[in-house]
Amino acid sequence: MQLSYVQPGMVLTTDIMDERGNLLLESGITLTAAYINRLKQLGITAIHVADPIAELLSQPALSPELRDELAQKFRSIFTMKAADLTNQHVRITQLEQMKQTVDKVITETGKRLPYIMNVKVRQPSDDEIQHGINVCLLSLVTGLYLKMPLPLLKDLALGALFHDIGKIALPQQSLSVPEPMRFHPLFSRELLLKAYVNPTVARIAAEHHERYDGSGYPLGLSGKNLHPLSRLVAIANYYDTAMNNATFTHASRQEIVETMMAAGNTQFDLNSLRAFFHSVAVFPVGSLVELNTHKTGYVVKNSAHYPLRPIVRIFDDTSYTDVDLVLKPNITIVKVIKE
């Protein structure tokens with residue numbers, strides 16, 4: 001939750017650490033005015049607090065147990081040395097286990113497809129592991145929406161999950177340097193091919209920073225030279241990165257969506273882009289938002305055809321009012337307080 005909206009009496013749900021890794025406040029503590037003011041002085045802008053209403057409304061696309069299993073399996077691969085990824089034993093054990101977990105992810109996500117706009121697909125995080133999982137799930141729900149056959153869904157999910165695997169082959173000091181970083185998609189492709197992963201999966205990883213008009217990198221590929229699955233993963237990767245960066249850029253979700261839609265058939269394949277926003281909730285159910293009326297409320301339902309205009313529930317002391325933003329064109333969401 002944005003710290004400016006945190007009130008004394010709220011309960012912290014995640015430890016707060018300083019830049020050196022020292023514990024500032026422990027999960028489970030009840031926040032006081034003094035604690036909140038101190039956090040503001042330290043420049044902290046958002047924290048995780050318990051929100052019973054959001055927890056009641058929000059439903060994840062994956063069960064917590066399966067998402068944890070996926071994260072654990074992915075982390076074990078993403079944090080290994082590049083040479084280990086091509087080791088035969090690793091290839092037989094960890095990669096095969098990952099494929100089995102991805103099969104379960106496809107099955108479980110598919111069961112939620114009829115109401116996918118009203119479940120939570122991505123988890124806000126700047127962690128590389130969670131980013132990979134977000135891109136995987138965002139791509140997958142769109143693939144399911146497009147009724148892709150199972151073999152394509154498997155390639156899509158694995159390609160999206162492993163799209164940044166090439167970063168483990170880069171020297172540590174180059175991870176923040178633009179030029180070497182521009183080649184990590186090619187490292188991803190080579191690592192995956194050496195690990196005998198399906199060539200389509202490796203191609204997706206190689207092309208996830210390419211753009212439909214040829215303005216991307218590392219090879220400047222365009223149009224039909226890009227695999228259709230790569231075009232979709234490029235959209236999911238851009239979206240998740242933009243959403244995570246919004247904390248620093250202060251871009252609204254409406255700006256992010258409008259910027260992406262304006263780039264249809266230039267940076268992005270327009271058909272894939274439309275399908276993406278017909279299957280991904282920009283404001284997940286359970287999100288606490290502020291309207292341009294200065295009222296706050298919780299998102300309770302989304303519409304595939306109007307991703308920026310959900311139904312928002314506004315509570316007062318004794319009851320609540322549901323505001324359908326599709327029917328109220330003058331009312332807009334100006335800020336996400338807590339997702």
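Helices (H or I, at least four residues) and strands (E, at least two) are DSSP runs, numbered from the N terminus. The views below show a predicted model, where local features need pLDDT of at least 70, side-chain atom pairs count only at pLDDT 80 or more, and totals for chains, interfaces and linings use all residues. Residues are numbered from 1 along each chain as its sequence is written, and side-chain values use heavy atoms, with hydrogens and water left out.

Strand S3 (residues 288–291) and strand S4 (residues 296–301) pair in the antiparallel sense over 3 bridges; to count as a pair, two strands need at least two bridges found by DSSP. Look for Val289, whose bridge partner in S4 is Gly297. The hairpin of these two strands has 4 residues between them, and His294 takes a positive phi near 75 degrees there. S3 also runs antiparallel to strand S7 (residues 333–338), joined to it by 4 bridges, and Leu291 stands opposite Ile333 of S7. Where do the S3 side chains point? Leu288 and Glu290 go one way, Val289 and Leu291 the other, and all are buried (under 20% relative accessible area; exposed is over 50%, partly exposed in between; 1.4 Å probe, protein chains only). In a regular strand the side chains alternate between the two faces of the sheet.

The hairpin between S5 and S6 goes through 4 residues. Ile311 has Asp324 of S6 as its bridge partner. Arg313 and Asp322 form a salt bridge, with their closest N and O atoms 2.7 Å apart; the term asks for a side-chain nitrogen of Lys or Arg within 4 Å of a carboxyl oxygen of Asp or Glu. Is Arg313 buried or exposed? Arg313 counts as buried, at 18% relative accessibility, whereas Asp322 counts as partly exposed at 38%.

**View C. Helix H3 and its two faces.**
Helix H3 (residues 64–78) has 15 residues, so at 1.5 Å a residue it should span 21 Å; its end C-alpha atoms sit 20 Å apart, which agrees. That expected span is 1.5 Å times one less than the number of residues. Buried in H3 are Leu66, Arg67, Leu70, Ala71, Phe74, Ile77 and Phe78. Seen down the axis of H3, these buried residues fall within an arc of 135 degrees, so they line one face of the helix (the arc is that of the directions from the helix axis to the C-beta atoms). Turned away from that buried side, the other face carries the exposed residues Glu65, Asp68 and Gln72.

**View D. Salt bridges between separate parts of the chain.**
The model's salt bridges come to 15 by the rule used here. Glu69 and Lys104 make one of them, at 2.9 Å between the closest N and O atoms. Glu69 lies in H3 and Lys104 in helix H5 (residues 88–111), so the pair ties together parts that are 35 residues apart in sequence. Lys104 itself is partly exposed, with a relative accessible area of 41%. Another salt bridge joins the side chains of Arg231 and Asp269 (4.0 Å, N to O). Arg231 is in helix H11 (residues 228–249) and Asp269 in the loop between helix H12 (253–262) and helix H13 (270–277), so this pair links parts 38 residues apart in sequence. Both Asp269 and Arg231 are buried. A network of salt bridges links Arg122, Asp240, Arg253 and Glu339.

**View E. The nonpolar cores.**
Which residues have the most contacts inside the largest nonpolar core? They are Leu85, Met98, Phe162, Tyr239 and Phe276, in a core of 78 residues. Apart from that core lies another, of 16 residues, among them Met1, Ile16, Tyr298 and Ile337. A core here is a set of buried Ala, Val, Leu, Ile, Met, Phe, Trp, Tyr and Cys residues joined through side-chain atoms within 4.5 Å. Zoom in on Met98: not counting residues up to four places away in sequence, Met98 touches Leu70, Lys73, Phe74, Ile77, Leu158, Leu161 and Phe162 (contact means heavy atoms within 4.5 Å).

**View F. Gly214 in its loop.**
Gly214 is found in the loop between helix H10 (199–207) and H11, and is partly exposed, with a relative accessible area of 24%. Leaving aside neighbours within four places in sequence, Gly214 is in contact with Gly220, Leu221 and Ser222.
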